[in-house]
Amino acid sequence: MLLPLTLLLTIVAALDGWQRVTHHSELRNEVAVIERETWLNQGEANPHDAAHFGRYALRRVPGLSAFDPGILDYSGASVWMEAHFQSPPSLRRAESRISSYPFVYGSPAWVLSVVIPLLLVVLLFGAVVVERERRTLALLWIHNAHPFQLLLGKATAALLIAAALAVFLVLVSCAPIVLFRNVTIDWVRVLALVICFFVGYSSISGCVILVSAIARSSQIAFWIASLLWLAMVSGPLLVAQVAKELHPVPRDRDFATYIQQEAQAPFWLGQAQYEEVAIYEAEVMTQLRAMDAQKLGLNRDALVLQAHERFANRVYDRLYGELYEIHERQEAMLRVTSVFSPILALQRVSSGIAGTDSSAQLHFAKSAELHRRFIIKKLNEDMLHNAGEDSFRYVANRNLWQDVEDFAYDERSLREILQHYRLELVSIVLWAILSLVLAAVVLQVRAKAATK
């Protein structure tokens, strides 16, 4: 009865996930077209005015977010790109986020990583202890049946169950892509998900079999295995809250104040402008192999504007780098916790493969910032070489706007993702191996005791 209900829950979650992703993908594509047309049709304008006119860097909706939304709904789907300012990702689907822990209720990944392990507990808690209660184990040992043979049989059955659940449920979760053709999916990543869930289920099955081998009764085995599952599920939530308390992120208002104080005021109101402009002008003269900027007709205001961009970018790299380090320290606590929780490790790897984890969001934010700097530099250089004495009275037209490339986000490769989550992957494999080895040792000890 429990298995059909789980299958039904998986199917409902899969259909809901793909419907949501299809809707968001269609909206994203519509916004991308409107954003492009708005940029091209802004009319004649000074390049620096166009730099403040700004553009959006839009993140493509990952196809596998239908399977595992991760933190996608709680992170920004776009980045505003404007001169002088580095903006954080915005337009989140959810206005607030309770925890950095990727625990999205109702998604296929949640069903497969939380409900299925509970199903394995129900199916396997009596694998060894029930036979001991029926005294069939003692009979086998009297007839010289090796404990490792018994364990091999139990482990083989558990692995077959794990493989069947992983393959069937992951494919069921991804099947609606056939119905929604406007969303693409990487089937290599689907295969990686199948393998990861199989290994994860194997580790959980090994833990349940170990509990079944140790416990004195089936009732005790069930409660210990259930409490172990509960600890693996709820423990990381507590760790996530502790991580937020130990490594607090500065408030948005405070962070904006830091940027204003260090990236804007020292240049426009302080002495930094003179040194920065002189350095940038010297670099431009070196590139052009010239001695005098005025004789070349270079616009002075454009020199100042790009000098500030270079100055502010260094400040942004430092301030955002410190912010990213705080997030990384929070992630490090979850990473360490995943060593003690195969369920958390499995969820982290799942969201990574789906492209919906925090590292994917950080990669998107950094890519958008690099593109912002490319756009502003291109516009400032056009003003530098073409404005002459007109300065801010100089205007460019659609020809320049067409030369500004749209933001194109290249997602991380599967190899990079698996490398990032190598600790979680190793921990899942070790849980599977060590639990089965310990179960074999326990059975060996009980076999010796029974034959004396």
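Student: What do buried, exposed and partly exposed mean here?

Tutor: Buried means under 20% relative accessible area, exposed means over 50%, and partly exposed is in between, using a 1.4 Å probe and protein chains only. Take Val429: its relative accessibility is 37%, so Val429 counts as partly exposed. One caution: this is a predicted model, where local features need pLDDT of at least 70 and side-chain atom pairs count only at pLDDT 80 or more, while totals for chains, interfaces and linings use all residues. Residues are numbered from 1 along each chain as its sequence is written, and side-chain values use heavy atoms, leaving out hydrogens and water.

Student: Is His48 buried or exposed?

Tutor: His48 is buried, as its relative accessible area is 7%.

Student: Which residues is His48 in contact with?

Tutor: Contact means heavy atoms within 4.5 Å. Leaving aside neighbours within four places in sequence, His48 touches Ala83, His84, Leu305, Asn380, Met383 and Phe392.

Student: How do I read the strands?

Tutor: Strands (E, at least two residues) and helices (H or I, at least four) are DSSP runs, numbered from the N terminus. Two strands pair if DSSP finds at least two bridges between them. Strand β1 (residues 55-58) pairs with β2 in the antiparallel sense over four bridges; Ala57 has Val79 in β2 as its bridge partner. β2 also pairs with strand β3 (residues 85-86), again antiparallel, over two bridges. β2 and β3 make a hairpin with two residues between them, and His84 in the turn has a positive phi of about 75 degrees.

Student: Why is β2 largely enclosed by the rest of the structure?

Tutor: Because five of the seven residues of β2 (residues 76-82) are buried.
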